[in-house]
Amino acid sequence: ELEYAIQEIGDDDFSVLELHNGPTGVFKDFGIAFLAAAMEELLKSGGRAMTLTATSGDTGASIAHSFTARSGITSVILYPEGKVRGLNADHFVQNGGNILPIQIEGNFDDCQRLIREAFEDIPFVLRYGLTSANTLNVGRLLPQAFYYLYAFIKIKKRLRGDLYFSIPSGNFGNLIAALYAWKFGMPVNGFIAAMNSNYSFGSFFRGESFVPRQPIPTISHSMDVGNPSNYERLAAFYAEAPSVMRNMVHPEKIDDNQTLAAMEKAWKKYSLLLDPHGAVAYAAAERMRMSDLEDGHVVILSTGHPAKYADLVKDVTGIVPKMPDALGILSKESQPVAQIPARIDALEAVIAGCC
Ligand SMILES: *Cc1c(COP(=O)(O)O)cnc(C)c1O
């Protein structure tokens with residue numbers, strides 16, 4: 001069902017790893033689908049599980065898509081105030097399904113805090129078999145390591161010099177997966193950590209300590225993270241071999257204007273449509289290619305489908321990207337099963353009432 005492709009875009013400098021052809025148009029579909037299938041398989045011998053996830057964007061649609069009708073599993077998705085989109089109400093628990101969207105009266109941080117509190121309530125965790133469907137769960141990261149191996153196998157015949165990947169990063173799950181692929185033995189010269197103005201790990205990559213910040217809103221909003229939850233995993237790599245890591249990961253900071261310029265350039269130079277996240281990766285790759293790379297090839301990760309940003313893509317390139325039929329559901333609004341204050345007792349009461 002998932003189609004991935006490595007695209008040659010007509011020169012020796014770059015190729016594009018298209019990861020946006022999944023059922024909800026985002027690279028996360030792959031890791032989430034693997035996690036759902038693996039959990040269902042592991043539960044065949046008995047027991048049940050409940051995933052608890054917070055999302056402020058489209059990840060909820062991806063989780064609902066992959067977890068729908070998985071036996072033994074309920075998926076609770078917490079949303080902050082705002083619109084809930086991309087879900088099919090036929091699959092909600094009150095209609096006999098296993099998806100439980102809950103709106104929290106608060107912001108995304110309130111949702112995250114509730115999740116932390118729920119995981120600290122051990123009797124609650126044990127009663128429901130509570131687990132995470134965020135990249136906190138290594139079951140989402142391991143499959144992502146195969147993107148990189150796949151791309152390497154596809155292009156290795158053409159490679160003459162060094163190989164780099166440019167990864168548009170927010171919570172840094174994808175970069176961690178890339179580091180796993182390298183640890184598995186994939187020959188690669190380095191990774192570009194392409195960040196937007198949040199630049200959360202920028203100074204950490206250069207050897208300073210990491211200071212969490214408030215997120216800054218940008219046009220590549222799935223990367224607007226000020227306090228990435230994969231910090232400990234990353235820090236563990238650096239604690240082991242700081243100088244090796246500093247040669248391996250190259251941070252780049254791309255602001256919104258540079259992102260838009262990169263979208264335009266990719267279209268003019270390669271007839272390539274990128275969403276703002278992919279454009280951050282392309283801009284970072286171009287900059288690194290100019291400054292630090294004599295020769296070598298950079299694989300740019302396209303993580304989001306350009307049709308999801310049709311207005312922006314049209315403004316910049318004049319082209320209206322074609323919306324795949326399957327992505328139509330993403331604009332559909334739905335009512336959450338419950339709307340509750342940002343309190344743990346309220347959350348546990350809703351779950352106890354229906355699961
Ligand atoms: C989540 C997301 C990212 C960032 O990935 P991380 O693994 O969190 O660094 C980049 N692009 C898109 C389209 C995303 O949805």
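Helices (H or I, at least four residues) and strands (E, at least two) are DSSP runs, numbered from the N terminus. The model is predicted, so local features need pLDDT of at least 70 and side-chain atom pairs count only at pLDDT 80 or more, while totals for chains, interfaces and linings use all residues. Residues are numbered from 1 along each chain as its sequence is written, and side-chain values use heavy atoms, with hydrogens and water left out.

Start with helix α1, residues 28-42. This helix has 15 residues and spans 21 Å from its first C-alpha to its last, close to the 21 Å expected at 1.5 Å a residue; the expected span is 1.5 Å times one less than the number of residues. Residues of α1 that are buried (under 20% relative accessible area, where exposed is over 50% and partly exposed is in between, with a 1.4 Å probe and protein chains only) include Ile 32, Leu 35, Ala 36 and Met 39. An α-helix has 3.6 residues a turn, so residues three or four places apart point the same way. The buried residues of α1 pack against β3, α2, β4 (73-79), β6 (130-132) and α5 (138-155).

Between α1 and β3 is a loop that holds Gly 47. Gly 47 is exposed, because its relative accessible area is 59%. Along the sequence, Gly 47 and Gly 129 are 82 residues apart, but their C-alpha atoms are 8.0 Å apart in space.

The loop between β3 (49-54) and α2 (59-67) contains Thr 55. Thr 55 counts as buried because its relative accessible area is 3%. What does Thr 55 contact, leaving aside its neighbours within four places in sequence? Its contacts (heavy atoms within 4.5 Å) are Gly 60, Ile 77, Leu 78, Tyr 79, Pro 80 and Phe 108.

Ala 181 is part of helix α6. With a relative accessible area of 0%, Ala 181 is buried. Not counting residues up to four places away in sequence, Ala 181 touches Ala 145, Tyr 148, Leu 149 and Met 186. Tyr 147 is 34 residues from Ala 181 along the chain, and the two C-alpha atoms are separated by 8.7 Å.

Phe 172 is buried because its relative accessibility is 2%.

How many disulfides are in the whole structure? A search finds zero, where a disulfide is a pair of cysteine sulfur atoms within 2.5 Å. For Cys 111, the nearest cysteine sulfur is that of Cys 354, 17 Å away. Cys 111 is buried, at 0% relative accessibility. For Cys 355, the nearest cysteine sulfur is also that of Cys 354, 3.6 Å away. Cys 355 is partly exposed, with a relative accessible area of 27%.

The second largest pocket has a volume of about 320 Å³. Its 15 lining residues include Asp 58, Arg 85, Lys 308, Leu 330 and Ser 331, which are the closest to its centre. On a 1 Å grid over the protein atoms alone, a cavity is a set of points where a 1.4 Å probe fits but cannot get out, and a pocket is an open set with protein on both sides within 12 Å along at least five of seven lines; lining residues have an atom within 4 Å of a point. Grid points are joined across faces, edges and corners, and a volume is the space filled by probe spheres set on the points.
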